Amino acid sequence: MSLTLDPFDKAILAELRLDARQPVAAIADKVNLARSSVSERIKKLEQKGVIRGYRAQVQQSMLSGISAYFEIIHEDKSCLDIIDAIRQIPEVMHCHGISGHIDLLVFVKMDSMQRLHEIRAELNELPSVVKITTHVVMNEWL
């Protein structure tokens with residue numbers, strides 16, 4: 001489906017990108033169209049899939065405390081040998097076996113830096129773990 005956007009549609013989309021919660025009347029004033037025309041154009045843009053939705057973008061650290069990645073090198077023949085122990089840690093969100101000199105990349109979310117240290121210590125106590133490198137997430141953009 002090909003859709004050509006005219007300058008008014010582009011201006012409306014630009015305003016919605018800036019603030020999707022602003023009143024239609026405010027958008028209408030900014031793009032020099034009647035409120036009813038702006039409402040109709042927004043509805044058509046939604047129906048045609050140009051506007052796919054509206055969402056709140058929240059700073060991740062405000063929601064979930066601390067996030068981190070652990071790079072784990074171990075000496076087991078298979079990553080599966082230590083996965084059961086990792087699976088027991090409720091803060092583990094993802095655990096990937098990856099290529100290269102790192103065996104596992106583990107993503108965790110927890111409430112405090114203290115809990116991060118506890119999880120790292122727990123992983124470090126696994127007999128086959130040779131090295132853990134911790135990367136604390138400082139910012140999240142996507």
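Reader: What radius of gyration does the chain have, and what would a compact globule of 142 residues have?
Author: This is a predicted model. In it the chain has a radius of gyration of 24 Å, while a compact globule of 142 residues would have one near 14 Å.

Reader: OK, and what does the C-alpha trace span along its principal axes?
Author: About 70 × 35 × 20 Å.

Reader: How many helices and strands am I looking at?
Author: Six helices and four strands. Starting at the N terminus, they come in the order α-α-α-α-β-α-β-β-α-β.

Reader: What share of the residues counts as buried?
Author: 29% of the 142 residues in the chain.

Reader: What does Ile86 touch?
Author: Skipping neighbours within four places in sequence, Ile86 is in contact with Ile72, Val92, Cys95, Leu104, Val106 and Leu123. Take Leu123: Ile86 and Leu123 are 37 residues apart along the chain, yet their C-alpha atoms are separated by 7.4 Å.

Reader: Ile72 is on that list too. What's Ile72 in contact with?
Author: With neighbours up to four places away left out, the contacts of Ile72 are Ile86, Ile102, Asp103, Leu104, Val106, Leu123, Val129, Lys131 and Ile132.

Reader: What about Glu71, is that one buried, partly exposed or exposed?
Author: Glu71 has a relative accessible area of 23%, so Glu71 is partly exposed: buried would need under 20%, and exposed over 50%. Glu71 lies in strand β1.

Reader: And what does Glu71 touch?
Author: Not counting residues up to four places away in sequence, Glu71 touches Ile102, Leu104, Leu105, Lys131, Ile132, Thr133 and His135.

Reader: Which residues does Ile73 touch?
Author: Leaving out residues up to four places away in sequence, Ile73 touches His101, Ile102, Asp103, Ser128, Val129, Val130 and Lys131. For Ile73 and Ser128, which are 55 residues apart along the chain, the C-alpha atoms are separated by 8.6 Å.

Reader: What share of the chain's contacts comes from residues 24 or more positions apart?
Author: 60%, counting the contacts with a separation of 6 or more.

Reader: Let's switch to Asp9. Where is Asp9, and is it buried or exposed?
Author: Asp9 is in helix α1 (residues 7–18). Asp9 is buried because its relative accessible area is 10%, under the 20% cut-off.

Reader: Which residues is Asp9 in contact with?
Author: Setting aside neighbours within four places in sequence, Thr4, Arg41 and Leu45.

Reader: How far apart are the C-alpha atoms of Asp9 and Gly65?
Author: They are separated by 39 Å, and Asp9 and Gly65 are 56 residues apart along the chain.

Reader: Where does Asn32 lie, and what's its phi?
Author: Asn32 lies in the loop between α2 (24–31) and α3 (35–47). Its phi is near 60°, a positive value in a residue other than glycine. Asn32 is exposed, with a relative accessible area of 65%.

Reader: Last topic, the largest pocket. How much space lies in it, and which residues lie nearest its centre?
Author: About 520 Å³ of space lies in the largest pocket. Its lining has 13 residues, and Arg17, Ile51, Gly53, Tyr54 and Arg55 lie nearest the centre.

Reader: How does that lining divide up?
Author: Into seven nonpolar, two polar and four charged residues.

Methods
Residues are numbered from 1 along each chain as its sequence is written. This is a predicted model: local features need pLDDT of at least 70, side-chain atom pairs count only at pLDDT 80 or more; totals for chains, interfaces and linings use all residues. Side-chain values use heavy atoms; hydrogens and water are left out. On a 1 Å grid over the protein atoms alone, a cavity is a set of points where a 1.4 Å probe fits but cannot get out, and a pocket is an open set with protein on both sides within 12 Å along at least five of seven lines; lining residues have an atom within 4 Å of a point. Grid points are joined across faces, edges and corners, and a volume is the space filled by probe spheres set on the points. Ala, Val, Leu, Ile, Met, Phe, Trp, Tyr, Cys and Pro count as nonpolar, Asp, Glu, Lys and Arg as charged, and the others, Gly among them, as polar. Contact means heavy atoms within 4.5 Å. Helices (H or I, at least four residues) and strands (E, at least two) are DSSP runs, numbered from the N terminus. Buried means under 20% relative accessible area, exposed over 50%, partly exposed in between (1.4 Å probe, protein chains only). The radius of gyration is taken over C-alpha atoms; the globule rule is 2.2 Å times the number of residues to the power 0.38.
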